Structure formats: structure tokens, C-alpha cells
Amino acid sequence: MKKICFVLLVGLIFFSVLSFSEGTVKIGVALPMTGGIASFGQMVYQGIEIANQMFPTVLGMKVELILADNRSDKTEAANVVSRLINLNGVVGILGEVASSNTLAGGAVAEKAGIPLLSPASTNPLVTQGKKFVSRVCFIDPFQGHVAAIFALNNLKAKTAAVFTDVAQDYSVGLSNFFVKDFTAGGGTVYKEYYQSGDQDFSAQLTDALSHNPDVIYISGYYPEIALMAKQARQLGYTGPFLAGDGAEAPELIKIGGSAVNGLYYTSHFNADHPATKMGQEFVAKYEALYHTSPSALAALGFDTYLVMLNAIERAGSTDPAKINAAIRSTKNFEGATGYITIGDDGNAVKSAVINEVVNSQFTYVTTINP
Ligand code: PHE
């Protein structure tokens, strides 16, 4: 009798464990949580966590998030995607941030047939020729265009010094798109190059400033932009800086101090001007939790979770191929950063926001529609 009871008990425990794990939907999250651009990963994850708290279940099952840190490294970016798929058995992945990393991780997801949804990778190549890699953000031909038009029309710039981080696909692409449209509009450019991790930009800045540029365009990420702005001010440059979405992180201001006042950048979101009701709700939740305003990346992270969940719901299944098809037929979905429609090419078409650093605050300037 004792033995039968024991067997029954073990069976019961086994069964409940089994049905519990059957009752969760595993979603992987691949982000740079440490390393050079750790601030990006941390902000995206804050947004994902808030979305998960608001919407913890799908198809009657609990969502289980599995976070993997790519350490801001390209090789790790591929490794973590492979681990999430092969070890953890996720049905979809949210991430990554830097385009170079999403290109590396996306190749692995593509091969495995697991949908990967990037919050913020804007380089066109990230989704090009891929069936399983999509994004909730606009792409760099548009971002570069917006910056070029803003430089010409609003900043009245005729000459621009353009700084490109040659280690980042994002920066190389964005600089090209900016240069193309800025010169098409009659502007002249002087090109300068650097690499992620560089600390001293005095040689390139001295050369650039010898041309007396009306604006300095920097298409890289916040660690180098902050240092470069500081050094440009030390060399006597008082004009505006213009950058892409990669500028926005609290560290830009922490490192750059007053030097980054007068820096404009193209972005996806401004917490003072949310484009939707969901955006307002997100800002309220975020501010209650963190006592500061959410960045574009937090809002984009929030949106990836929502779009993934909505896709699983519409697919009515956790089959990765079906989820993927649903992601790519997302239409007018209300996210925090706007209404999201994802085409068959995996790209979203959305408005851009221009912000400026004023008195060390990210300040809304304008919204530009595609
Ligand atoms: N757009 C950048 C890239 O593709 C990533 C990024 C987006 C960083 C938004 C910060 C904010 O690499």
C-alpha cells in the first residue's frame, strides 16, 4: 500500500511538472547586457519586462522569458541565439540591438527557422534575404534621409563632417545614406573614420574642423559620440552635432556632460510625445517603476514583446513557422512607439522623432513621417 502511494505521488509530481512546462511558452531574449553597449540591452530588457508584467500569458499559457547576454560581442551574438534555440527550445527570440550583432544572430535563427524580432536594428541588411528575421523599427535609408533633410532645412547646414564607426554595419550604412541625401540636397561632406572602443579622436577632429563644418554628423553609438563631442568642444567647436538612434543612452550625458548640449539625433520615440495610447500607458508604468522617463529602446523592447505575443495569438499556435508568418502579417498594431505594420520583407514603416539634448535632457524637437 505504502509503495503504491509512493508511486502515485511520484507520478503525480512528475505529471504536474510535465504539464507545467507544457503550459509555458518560451521566448528567448538576446541582448547586450554587459560590455561596450550594455546600456542598450538593459533599456530594451526594462521594456520587455514591463510588457511581460502587463501581459504574462498567451494562448492560456504562461510566457517564460529566457535572457541571454551577448556581451556586446558579434561572435557571442551568434552563440546566444544558437543556445536559446538548441538548449532552451525557445519558439521565438526578441533581439538583438546593434545591427552587426543582429546580422550574426539572425543568420543562426534563419537556419533554424525560429523567428527573431529585433527592437532596434536599423541596417537594411539585417532582414534582407531572410524569412525569419523581422523588426519593429524603421530602417536606415529613412533615418539617414530624415537627418539629411533636417541638417539642410532646419540647421541650414551646407557643409557636414561625417564620422563613421567602421567596426559597425549600422554606422557604415547610416553614414552612406546621410551623405547620399545631404549631397543630393546640395551639401558638401568631409568624411572621417574611427572604430568602436577608440578614445582619442583629436586627429580626425582637427582635420574635420579645419574645413569649418556647419554640423558634425556622427553615425555611431553613445560611448564614442560622448567622448568625441567632448573633444570637439575642447578644440573650440561650438556648432551642432547630429547623430542617429545610437546616440541615446543616459551615458551619453553622463560621459559627455555639457559638451553634448546641442546634439540632435533621429530616434523612434520621445516619452513626452508618445504616438499612441499604449505609449502613454507604457510611459506611466515605466515612470512609476524607475522614476525616470523611458528611452526609445525601452519602448521598442516593449513593442517587440507585444508584437511577438500578438503573433502567437493570431497564429493560435506555438509553431515557430506559424508565429513567423503572423509576425510578418502584423497590421496597424498599437505599440508604444506607434502603429506597427510589418511587411513581407520583415521591416516596419514608422515615423521618426528628432530629439535634442538641451540642458542635459533628451528633448523633443519634431516628428517626421515616412
Ligand atoms: N539602430 C541601431 C543599430 O542598428 C541600434 C539602436 C537603436 C541603438 C536605437 C540605440 C537606439 O545598430
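This report covers the cavity and the pockets.

The model is predicted: local features need pLDDT of at least 70, side-chain atom pairs count only at pLDDT 80 or more, and totals for chains, interfaces and linings use all residues. Residues are numbered from 1 along each chain as its sequence is written, and side-chain values use heavy atoms, without hydrogens and water.

On a 1 Å grid over the protein atoms alone, a cavity is a set of points where a 1.4 Å probe fits but cannot get out; a pocket is an open set with protein on both sides within 12 Å along at least five of seven lines; lining residues have an atom within 4 Å of a point. A volume is the space filled by probe spheres set on the points, which are joined across faces, edges and corners.

| Space | Volume | Lining |
|---|---|---|
| Largest cavity | about 150 Å³ | 17 residues |
| Largest pocket | about 520 Å³ | 23 residues |
| Second largest pocket | about 230 Å³ | 15 residues |

One cavity of 30 Å³ or more turns up in the whole structure. Closest to the centre of the largest cavity are Val97, Ala120, Asp245, Gly246 and Leu297. Domain 1 (2-138 + 275-350) and domain 2 (141-267) both contribute to its lining, so the cavity lies between them. These bounds come from an automatic or database domain assignment.

In the largest pocket, Thr292, Ser293, Pro294, Ser295 and Phe362 lie nearest the centre.

Ile37, Ser72, Gln168, Ser196 and Tyr221 lie nearest the centre of the second largest pocket. Its lining also draws at least three residues from each of domain 1 and domain 2.
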